[in-house]
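Let's take a walk through this model together. Have the sequence and the 3D view open as you read.

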Amino acid sequence: MKKIVLVLFVGLMGMSLTAQDTAAKIEFKTETVDYGEIAKGADGVRVFEFTNTGNAPLIISKVSSSCGCTIPKKPEEPIMPGKTGEIQVKYDTNRVGPIRKAITVISNAETPTKVLKIKGEIKASEGK
């Protein structure tokens, strides 16, 4: 009886390990983009680069922002294992003041939800 239980246990462990082996993994070059100090009306586009370090295609299903002032753009095609992709973020730089926003990325990766951040400060133009 003990042998049967042991065989079943080892078999189940092997199956769970196999399931984990075929997963997409998303690894960002950086999870925070710092705009630094930029002028009002400057280019607000920044990019988060990532790599699929898993061994299954990575599908990003949704990318959303914490406010309407930030517009994220996700890749439409699956990212194959070992390949890189990018999430583009456009911040409305006509809003003077500090930038502290979050971008939520939802995918089929082993960690299905990732939160990226943008920060910085928009300065009003001199003499206006």
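Start at Lys62, which stands opposite Ile106 in β7. The model is a predicted one, where local features need pLDDT of at least 70, side-chain atom pairs count only at pLDDT 80 or more, and totals for chains, interfaces and linings use all residues. Residues are numbered from 1 along each chain as its sequence is written, and side-chain values use heavy atoms, leaving out hydrogens and water.

Strand β7 (residues 97–107) and β4 pair in the antiparallel sense over 5 bridges. Strands here are DSSP runs (E, at least two residues), numbered from the N terminus, and two of them pair if DSSP finds at least two bridges between them. Follow the order β2-β8-β7-β4 and you have an open sheet of 4 strands with mixed pairing. At its edges sit β2 and β4 (60–65), each pairing on one side only.

Next, the rings. A search of the whole structure turns up 2 aromatic pairs; rings of Phe, Tyr and Trp (its six-membered ring) pair if their centres lie within 6.5 Å, with planes under 30 degrees apart counted as stacked, over 60 as edge-to-face and the rest as tilted. Tyr35 and Tyr91 make an edge-to-face pair, 6.3 Å centre to centre with 65 degrees between the planes. Tyr35 lies in strand β2 (residues 32–39) and Tyr91 in strand β6 (residues 84–91), so the pair ties together parts that are 56 residues apart in sequence.
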